[in-house]
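Please find below some notes on how the two chains are arranged and how they meet.

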Number of protein chains: 2
Amino acid sequence: MQRYFIDQPYQSAIKISGEPHHHMSRVMRMTAGNEVFLVFNDQVAIKAKITEIDNDHVLLVEVAKEALQRELPIAITIASGFPKGEKLELIVQKGTELGASDFVAFPGETSVAKWDAKKQQKKQQRLNKIAQEAAEQSHRQALPTVCFASAKELIRLFEEYDAVLIAYEESAKQGEQAQLVQTFQKLTAGQKLLVVFGPEGGLTPKEIEVFQTAGAKLCGLGPRILRTETAPFYLLSAASFYYELQR
Amino acid sequence: MQRYFIDQPYQSAIKISGEPHHHMSRVMRMTAGNEVFLVFNDQVAIKAKITEIDNDHVLLVEVAKEALQRELPIAITIASGFPKGEKLELIVQKGTELGASDFVAFPGETSVAKWDAKKQQKKQQRLNKIAQEAAEQSHRQALPTVCFASAKELIRLFEEYDAVLIAYEESAKQGEQAQLVQTFQKLTAGQKLLVVFGPEGGLTPKEIEVFQTAGAKLCGLGPRILRTETAPFYLLSAASFYYELQR
């Protein structure tokens, strides 16, 4: 069943125009009686039935709340040092399917990609579109957002989180295995985790030091060396396994 | 340090020609004294030093065994119903990084991709090359292989495994959460797990029934609906978290 993210708080009866209306009427050619999922920006998701649809609006009423909880109990933000090419697109698409709460892209010291303000704005729009499509497809109950930040802005974000981890290749090489498990054991439902991933060239010792001084902890993701775009998939999958399957 | 997969059992002193020799001498322009990692086909990995290199051969001697165990304790084979486009390439690349033991591609009933024998052979070569590059990059100690099989051949493989799971979207929708954890709890080091993933259109009820009759169990991968190429990443990451970080 089609899924629409509505940028309003929950209402049991709702009149919709704009993009979702266009998709229902023009793309899907829906008529009165058809049912869809609506996801509101306060994470309430309902099954709703179309009662009226015309050229400008569609009216829907709630049939039932969506029963299954589909959001990870802890909110995980993925911070990625600008990777090359289309890798950020892959991180956002797959990361959204795997339950990421939000994405922050920042220019790492070893980042090859240099995006000016105009390019960033375009890329951000594109990435938010990808997140929305992936959220619809994977039946998310919250819509992840993608933003760009400087390294300084990223560090200022640290205090909003209950834990901050740095996925660090050297930790894997040295066999560091405990930090991720300990962090998951500590965090409880409703808390927030930020995980920082370097670009292809990794994070520099200076970046590591600055992040650690601001409270971040180094964390290994198993004994194999993961590419910059693969590491977030590991982190999110492990979180789902721990909080959603083992609990 | 450069990593080479050698299709021979472990030897402490070795003379190499062919592809790895070419890469060391022509691509990397290595000379006597340079060090590399050699991974033998019995999963022994050593750091080795070049003692002689000429136009045809390179001689190496062992410096030390590689200390860190980099292979998952259980061997996991990923069986994918032919997906569209380049998705199999993505599954093999990321799946290798995440520790898959082997890959089997089979024509699912809903597979859109139809590959004839010639196309399959070409694709298989390409996929094995991708697996090798990913294995080198992620510091694997075993080289995953990719093969193509019919659905019947896939089912005949079941008996070689200690457990067979079917990643089934409907399990996720129904909130099935226990099977994966139970399977991991049951399997111990050295045992083999096969996990079957459908193509984009999913597995048909008939396919499910045939697989179940042959001993496979349905398994959910959390409450979000994962794309066909994302589900194997979840499975492998969860296995690494369980066997390599939590243990």
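What rotation and what shift along its axis superpose chain A on chain B?

1. In this predicted model, a rotation of 180° with 0.0 Å of shift along its axis brings chain A onto chain B with an RMSD of 0.0 Å, the superposition being by least squares on the C-alpha atoms of residues with pLDDT of at least 70 in both copies. That is the relation of a two-fold axis. Ala238(A) is the residue of chain A that comes closest to the rotation axis, its C-alpha lying at 2.5 Å.

2. The contact (heavy atoms within 4.5 Å) takes 42 residues from chain A and 42 residues from chain B. Chain A and chain B bury about 3700 Å² between them, with 59% of it on carbon and sulfur atoms; buried area is the accessible area (1.4 Å probe) that two parts lose on being put together, summed over both. Of the area that chain A buries against chain B, 20% is supplied by Arg224(A), Arg227(A) and Leu245(A), more than by any other three residues.

3. Between the chains there are 6 salt bridges, each a side-chain nitrogen of Lys or Arg within 4 Å of a carboxyl oxygen of Asp or Glu. In one of them Arg227(A) pairs with Glu97(B), the closest N and O atoms being 2.9 Å apart.

4. As to conventions, residues are numbered from 1 along each chain as its sequence is written, and chains are lettered from A in the order in which they are written. Local features need pLDDT of at least 70, side-chain atom pairs count only at pLDDT 80 or more, totals for chains, interfaces and linings use all residues, and side-chain values use heavy atoms, with hydrogens and water left out.
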